[in-house]
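Here are some notes on the aromatic side chains, for a reader new to this structure. Please read them with the model open.

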Amino acid sequence: MLSALAAGFAQVTAAHPQFQEMADWSRFFTAADAQGSIVVLDARDNSETTYVHNPSRAERRYSPASTFKIPHSLFALDAGLLRDEFQVIPWDGVKRPTAAWNVDQNLRSAMRNSTVWVYERFAKELGDAREAAYMRKIGYGNAVATGDKPFWVEGDLAISSIEQIAFLQRLYRNQLPFLVEHQRLVKDVMLNEAGPDWILRAKTGWTGKIGWWVGWVEWPSGPVFFALNMDTPNRLGDLAKRQSIARNVLRSINALPVAP
């Protein structure tokens with residue numbers, strides 16, 4: 001497994017010879033009292049530079065948690081479980097701790113609210129074998145659907161930050177083996193915020209122990225991809241740190257506007 005990770009990391013860095021280790025970004029994690037890593041691929045101005053803080057962690061595979069909703073949405077669309085972002089996904093009536101989950105959903109609300117039961121339903125309809133086949137098709141992490149359920153949180157599925165970036169690049173460029181309209185739709189429901197000349201598309205993830213924030217910022221000069229992974233020993237108390245650290249990193253390279 002380690003050799004495979006090293007090979008994957010070498011492949012990515014070889015493709016981006018401007019790779020730089022950013023030890024200085026440790027200040028953003030230190031200020032937040034957090035341990036983690038972040039990979040940023042800046043593809044603006046017709047060039048690509050990959051920056052990494054904590055490379056050994058960036059190579060290591062972790063459960064993707066709800067960042068898996070990005071490829072999972074593509075699988076559901078491709079399999080015909082969803083027609084579009086307007087199709088109603090009926091609530092099963094089971095009360096769950098997140099109030100926003102206790103109503104009918106559609107793809108946009110399921111992504112925005114990270115509605116777990118929607119994707120558990122997709123997983124049940126797809127089945128483990130088809131899930132694994134889809135993941136192998138796109139080279140997603142270790143591409144397994146084994147272990148406890150949901151497999152993307154409690155099970156054996158795992159992906160590295162480096163691999164997250166590679167997947168996001170292909171999605172951004174509509175280069176995944178799915179209909180272009182499905183890739184565009186998933187990107188649309190990933191919208192977080194936007195300004196006059198930039199758009200942020202991203203998804204959080206949390207296993208209870210590990211937190212993610214992955215996505216990209218679109219600029220007229222090109223995209224800037226990012227994948228942050230961090231420990232969350234304080235559980236809910238640490239979740240806001242995912243975005244605050246990543247935003248500070250992105251602002252340090254002028255990849256995200258400074259908040260007013």
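1. Does W25 count as buried or exposed? W25 counts as buried because its relative accessibility is 2%, and the cut-off for buried is under 20%. Bear in mind that this is a predicted model.

2. The structure holds 15 aromatic pairs. In one of them, W25 and Y51 are tilted, with 50° between the planes and 5.9 Å centre to centre. This pair links distant parts of the chain: W25 is in the loop between β1 (20-21) and α2 (26-31), while Y51 belongs to strand β3 (residues 49-53), and the two are 26 residues apart. Y51 has 14% relative accessibility, so Y51 counts as buried too.

3. F75 and F178 form another aromatic pair, also tilted, at 6.1 Å centre to centre and 40° between the planes. Here too, distant parts of the chain are linked: F75 lies in helix α4 (residues 69-78) and F178 in the loop between α8 (161-172) and α9 (180-189), 103 residues apart. Both F75 and F178 are buried.

Terms used. Residues numbered from 1 in each chain as written. Predicted model: local features only at pLDDT ≥ 70, side-chain atom pairs only at ≥ 80, totals over all residues. Heavy atoms only, no water. Phe/Tyr/Trp six-rings, centres within 6.5 Å; stacked < 30°, edge-to-face > 60°. Helix = DSSP H or I, 4+ residues; strand = E, 2+ residues; numbered from the N terminus. Buried < 20%, exposed > 50% of the residue type's maximum accessible area, 1.4 Å probe, protein only.
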